[in-house]
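Visitor: I would like to go through this model term by term and hear what each label rests on.
Guide: Ask away, and each label will be set against its rule.

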Amino acid sequence: MKRLLLSAVAIITVWSSDLGRAAEVTLIAPGGIRAAVEQMIPEFERATRHKVKATFGSGGGTKERVIKGEPFDVPVVQLPLEPVIASGHVVAASETPLATVSVGVAVRTGAPKPDISTADAVKRLLLGSKAIAYPNAASGAAAGVSFNETLEKLGITEVMKPKIKVAQGGRGAMELLAKGEVDIGLTFISEIITEPGVEVVGPLPRDISTPTALVGFVSAHSKEPEAAKALVRYLSSPEAGAVYKERGMQPGR
């Protein structure tokens, strides 16, 4: 990994050779990509002399802030992109796929890992659980929205309601699991692997859970467009792709 990051530094230096003065670049993104972006920011800052001020929130909340025109140089949003592009607050031509992340199943550290290889296996697991936790879809959490769709596809939305403990974000869901308040936790894999006391079982099968794609843009209102472009290029580079994989994501769309 160190060699990859050094390579990334060399590439960024070439990219940024014509950028002139150092700038502050503001970035807004969903929490599912937070760990990867925070890992990459220091190398980008060292190589370019730019500073990155990053803000993370729910997937839905992030998208709404971008659509409303709040001033960020680099917004990272989830699909669908039509409302974001239609808002006029991003440069449509700057659309850059960064990574995809799947909703995964987690158990407490050391607990047996259940079979989740098929939709039927997941259904049996959920119906047999005492309680489950996942992020609050009502607050815009993309993992929560996605898992609600999974419950609908499995046809068990109503029967699962008494077992559900809605959490504030992926971290909140994993905290409930680590404390033993639930026996199954669900959120983006990138949010499971950063938390203590829990382990990833694996991603939900694709036929019941579509991975969430995250896309970077340069804001139409950016005060530092060249620096913003350099950051988007870095976040979509092969070296960045290695970080996404390390953080439980898949590079590209």
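Visitor: How many bridges join strand 3 to strand 10?
Guide: First, the ground rules: this is a predicted model, in which local features need pLDDT of at least 70 and side-chain atom pairs count only at pLDDT 80 or more, while totals for chains, interfaces and linings use all residues. Residues are numbered from 1 along each chain as its sequence is written, and side-chain values use heavy atoms, with hydrogens and water left out. As for the strands, three bridges join strand 3 (residues 74-78) to strand 10, and the two run antiparallel. Strands here are DSSP runs of E with at least two residues, helices are runs of H or I with at least four, and both are numbered from the N terminus. Two strands pair if DSSP finds at least two bridges between them, and strand 3 and strand 10 have three. Val-77 stands opposite Val-215 of strand 10.

Visitor: Which way does strand 4 run against strand 10?
Guide: Strand 4 (residues 96-101) is antiparallel to strand 10, with five bridges joining them.

Visitor: What makes strand 10 mostly covered?
Guide: Five of its five residues are buried, a label that requires under 20% relative accessible area with a 1.4 Å probe and protein chains only; over 50% is exposed, and in between is partly exposed. Thr-212, Leu-214 and Gly-216 point one way from strand 10, whereas Ala-213 and Val-215 point the other way.

Visitor: How many salt bridges does the rule give?
Guide: The count is eight, each being a side-chain nitrogen of Lys or Arg within 4 Å of a carboxyl oxygen of Asp or Glu. Side chains of opposite charge can pair when their charged atoms come close.

Visitor: Why is the contact between Lys-113 and Glu-199 called a salt bridge?
Guide: The closest N and O atoms of Lys-113 and Glu-199 are 3.6 Å apart, so the pair meets the limit of within 4 Å. Lys-113 lies in the loop between strand 5 (103-108) and helix 5 (119-128) and Glu-199 in strand 9 (residues 198-203), so the contact ties together parts 86 residues apart in sequence. Lys-113 is partly exposed because its relative accessibility is 48%, and Glu-199 is partly exposed at 25%.

Visitor: What makes Glu-158 exposed?
Guide: Its relative accessibility is 55%, so it passes the mark of over 50%. Glu-158 forms a salt bridge with Lys-161, with N and O 3.0 Å apart. Lys-161, at 47%, is partly exposed.

Visitor: What volume does the largest pocket have?
Guide: About 550 Å³ of space lies in the largest pocket. On a 1 Å grid over the protein atoms alone, a pocket is an open set of points where a 1.4 Å probe fits, with protein on both sides within 12 Å along at least five of seven lines; lining residues have an atom within 4 Å of a point. Of the 25 lining residues, the closest to the centre are Gly-31, Gly-169, Gly-170, Arg-171 and Glu-191. Helix 8 gives the most to this lining, with four residues.

Visitor: Which element gives the most to the lining of the second largest pocket?
Guide: Helix 6 does, with five residues. The second largest pocket holds about 250 Å³, and Thr-212 is one of the residues nearest its centre.

How values were computed: Grid points are joined across faces, edges and corners, and a volume is the space filled by probe spheres set on the points.
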